[in-house]
Amino acid sequence: MFSKTDLNKLSALEKARAARDERAQNRSRENAAVLIQAVVRGFICRRRFRKDLLKDIDRIIAPFSNGQPKTKPQFYTAVETFSAIKKFWHVFKSNEDKQRFEAMCSYINACMMYGESMGNDVAANAKYWYVSLALSKQHVLSWIQQVKSILWQCCLYLKKLKPDSPTDSKIMSIYLRLLIMFTDASSWKILKMTGGEALRTSMNQLCANIIGHLNSKGFYPMLQCLLLKGLARKKPSFTHAALSAIFTLSIRPVVITKCSDNLMSLFILYIMSVPGFIFHLQTTSKESITILQTENMFKHILDYLSLDQNTRIIFNSLEGNYALCLLANIVYLGYIEQDKLTTKVACFTRVVHCLLMHCQNYVGKKKSNTSQWHPVLGWFSQSIDHSLHESMEYVVKQLSKLWSRVIVQALFGDALKSAEASAAAEQERIAQKVQPKGLLKKLQRTSLKLSSRPTKSLNAPEVVTVCGVCDMFQTAMSTLTEIKANILSGLTYMDNLLPSLWHFITDLGPNSGIKLFLESLNSSVESQPILSLLMFFCDCSSYLITILDDVELYEHQKPFKLDDLINMSSFLNMFVYKMIWEHNIDSNSRQHSLFVSTHPLLMILHQRDARRSFAPDNHWLIKDLKMSLFRNELERGSKRAKRVLQIIPHIIPHIERVILFHRKVGDEKKELGLVETAGIMPHSTLITIHRNQLVEDGYHAISQMEGKSLKGTLRIKFVNRQGLEEAGIDQDGVFKEFLEEIIKKVFDPELNLFKHTEDQRLYPSPTSSVHENHLQLFRFVGRMLAKAIYEGIVVEVPFASFFLSQMVDHQHSALYSPLDELSSMDKDLFKNLSFLKHYDEDIADLDLVFSYDEDLMGKIITHELIPGGKAIAVTNENKIRYIHMMAHFKMCRQIREQVAAFKKGFCSVVNPDWLSWFTTPELQRLISGDNVAIDLSDLKKHVLYYGGFHSGHKVVVWLWDILEKDFNKEERALFLKFVTSCSKPPLLGFIHLQPPFSIRCVEVSDDQDTGDTLGSVVRGFLGIHRRDPVGRLPTSSTCFNLLKLPNYSKKSTLKDKLRYAITSGTGFELS
């Protein structure tokens, strides 16, 4: 393809190209060699240069290179030192020169003290002091710059040190000492020279300049970082000297600038927000607390934070977690400076409230994807620094001072003292009045109302102060959710706080200022703090009254007098009624919060009164509420009427609620088609029961029935022990007999489903689990009892009130437990707990823990009262909680499953909403009849006669006469029990007794027959003669509420035979 000439040309070109490439590579190698040589020579030169520059500083600091010198070191003049450091700073590398820098700082610290132990002239030693260059015009500017650089490098190293490391701790002390030295001229020896005092002002300005430089570089964040490493832990790692030095460094800029806003914001933001800072100063460095007091820092902090603009600056930079720490430090500082706190109450209250509200912004009511658990605030919406959790113990200790006696007394101050004095004067004035009667008494009552003590204005200083303090504590309880119980416990520990607060409230107007409070519900924000006063009082009183035993409340009358409880309950009763009837409690969060505070206290007082009365008759009824109006609104489905019935049913007369209950039952039966209408008989259920397995058959039949069937008519067919069906009477009596027999068996303590208290009242047995299906049995028993109430059948089964309280959910506190009722259940435990409650010594010596050991069939089982209770000791601080949790465990937790099963069965028949209308004693009356005396006239009106008896029959006339004139109250009750199996009359009278009360004449001998019964007429007509039944007693069929009475010829015989029958229990028969 190519000629020979062409090939030669190509070859020449290739050779030329190769030669060029080789020359290029040679040039690159030469350039690389030159560059490498330059770099190496530069490195060697710089190393040599660095070594030459470091010779001077190494020579000066040589004795300090391995810590403090063991022999006296050689010191050099300040100029030499300055020059050596200047050279050193040219080649300083923070990573490589740590030890050299540390030794240099040690040397400077030492040279500043040069001559202390010598007797030499001060002027002769001055040339060795590093600070003496401040007097040299030639070097002063460079020296100042050098000092600033050294001090800031100290700060940078401090930021990386770990205070818990012994090595780092020593290094930290060197740097801190140097910072202390050059930020305050008072220790400089040049001021002690002749004429040195004249230099003090300029030297102080120099220090201020140095501090200003450090602040501009980030001095306070560095100090905070260091403090957090040493204090944000379970055990602080700072020594006394280190913590004192850090505090001194933090306070100096503030003092020098005379608490300027800029420095105050830095001090508050970075120092006062360190967890437990003031607490650790108090325990480790008390002289630092003295400095805080001397510089009046508590006042300055409050003054700064009381301005809205400053508060916004702090809050914009401060996370919720650190805001809590800031709050704790301010509270603890106020606790230390009680005298200053009393003069700054309004300012302190406002600042604490603002900080709490800031923390509340991050508090959630429930767990979410963005929330985390906080040991003080609950669910917290910000990321949590877990190192702070270790120090939270100290934060809580500081916060607890907010509700300590010292701060509470300082905050409420003279306002409550004046209320107490006013109340005492009022009591004395009333006591001095002669107690008249009749018209004079009414006139005196009117005069007392007219001459009542003057009321306080909402704008009065003491009212504003007290309301502000109450608002602050309310915010604390809603923010610090996990320690709310501690807050309430601390506040209620002071005996005089709540009574004084109540007297203060009563001074706000007639009837405890109820008009003022009601007007505040609809008013503007300005009057809202007055509602916080009421909420605070109610929350604290609810907690306190819950844990008071009967001796304290009724006999000692501490902290409240019974008259106070009566007035308090009257006020709350009317106030809550007005809130529901005239205001919408859900209209805003404020009204809802007020209701949540006032309603529990009202119900606690009402239940306490229901268990042991302290209020007069009809005290709880609202006279303003007309029953006709209420019934009409209820029938129309009025929301407020329904709420009254559901929330505060006690304001409605008991008889009205019972009538309403029966009406609801009747309406429900009609709705379910269980009532005979237009000749159509309702569906009934036939149940076959073998007498030798009464409970088993009843359990299997009724447990499988639906609620609707159980609410309908039940027809019982008994099968006797021989397997033959018994003939029943076409009444409801056979079912009543079945019900009575079932109840007699299941409530027998020997069955171990129920137990008796010492006053013979029933409650579920904690050891009922020995029965395999015990919970199903409880559900069955609940259904049977509910069926009795549903049908108006009275059964005399006395229940323990703590059991009934759980049935109707009358427990308005997690720890609510009527401690005084424990004595009827376990007298020894009650005595022991009462002993603990009033034990004055250190209860920790008794070695108790939050657990309970139970002997269950020879096996010891430990129950923890709280999670981890076996490891939590009982102390004087938590003993009240232990006592009530123990009582709560015995009377509630131990039988929780049994109660739940019983209630489930009960509520499958009776609507649980209807149960809430009644108190515990009222529910017992609904079950077992009324506690009033038997109304014979009512019984006469509603009795049915059979067998020839009628209301005018001589035996019937004798019977009523004997019951009315010869039998006492107890014998009449025995008579009623003899006939109906229950000694108490039914609620609403005998018209509601099912089956109706009946009296039947039984056959007698001919010579005793007076011929005025249907049986005697028939026998006479047919010529039938019967054997004389001599000595026959009256008998009864309780299942039919039927009295079988022989036709006695003498009244005295009737009286004797009837008395014998009812007292001996003789005469029970089945028809």
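Guide: C155 is buried, because its relative accessibility is 0%; buried means under 20% relative accessible area, exposed over 50%, and partly exposed in between, with a 1.4 Å probe and protein chains only. This is a predicted model, where local features need pLDDT of at least 70, side-chain atom pairs count only at pLDDT 80 or more, and totals for chains, interfaces and linings use all residues. Residues are numbered from 1 along each chain as its sequence is written, and side-chain values use heavy atoms, with hydrogens and water left out.

The structure holds zero disulfides; a disulfide is a pair of cysteine sulfur atoms within 2.5 Å. For C155, the nearest cysteine sulfur belongs to C154, 6.8 Å away. C540 is in no disulfide either; its nearest cysteine sulfur, that of C470, is 8.1 Å away. C540 is also buried, at 0% relative accessible area.

Now the helices, which are DSSP runs (H or I, at least four residues) numbered from the N terminus. Helix 2 spans residues 78–90 and helix 5 spans residues 140–160. Their axes, lines fitted to C-alpha atoms over the stretch in contact, come within 11 Å and cross at roughly 60°. That makes helix 2 oblique to helix 5: angles under 35 degrees count as roughly parallel, over 145 as roughly antiparallel, 65 to 115 as roughly perpendicular, and the rest as oblique.

Which residues meet? F82, I85, K86 and W89 in helix 2 touch S142, W143, Q146, S149, I150 and Q153 in helix 5, where contact means heavy atoms within 4.5 Å.

Notes
Axes are lines fitted to C-alpha atoms, for helices over the stretch in contact, and angles run from 0 to 180 degrees between N-to-C directions. Helices (H or I, at least four residues) and strands (E, at least two) are DSSP runs, numbered from the N terminus.
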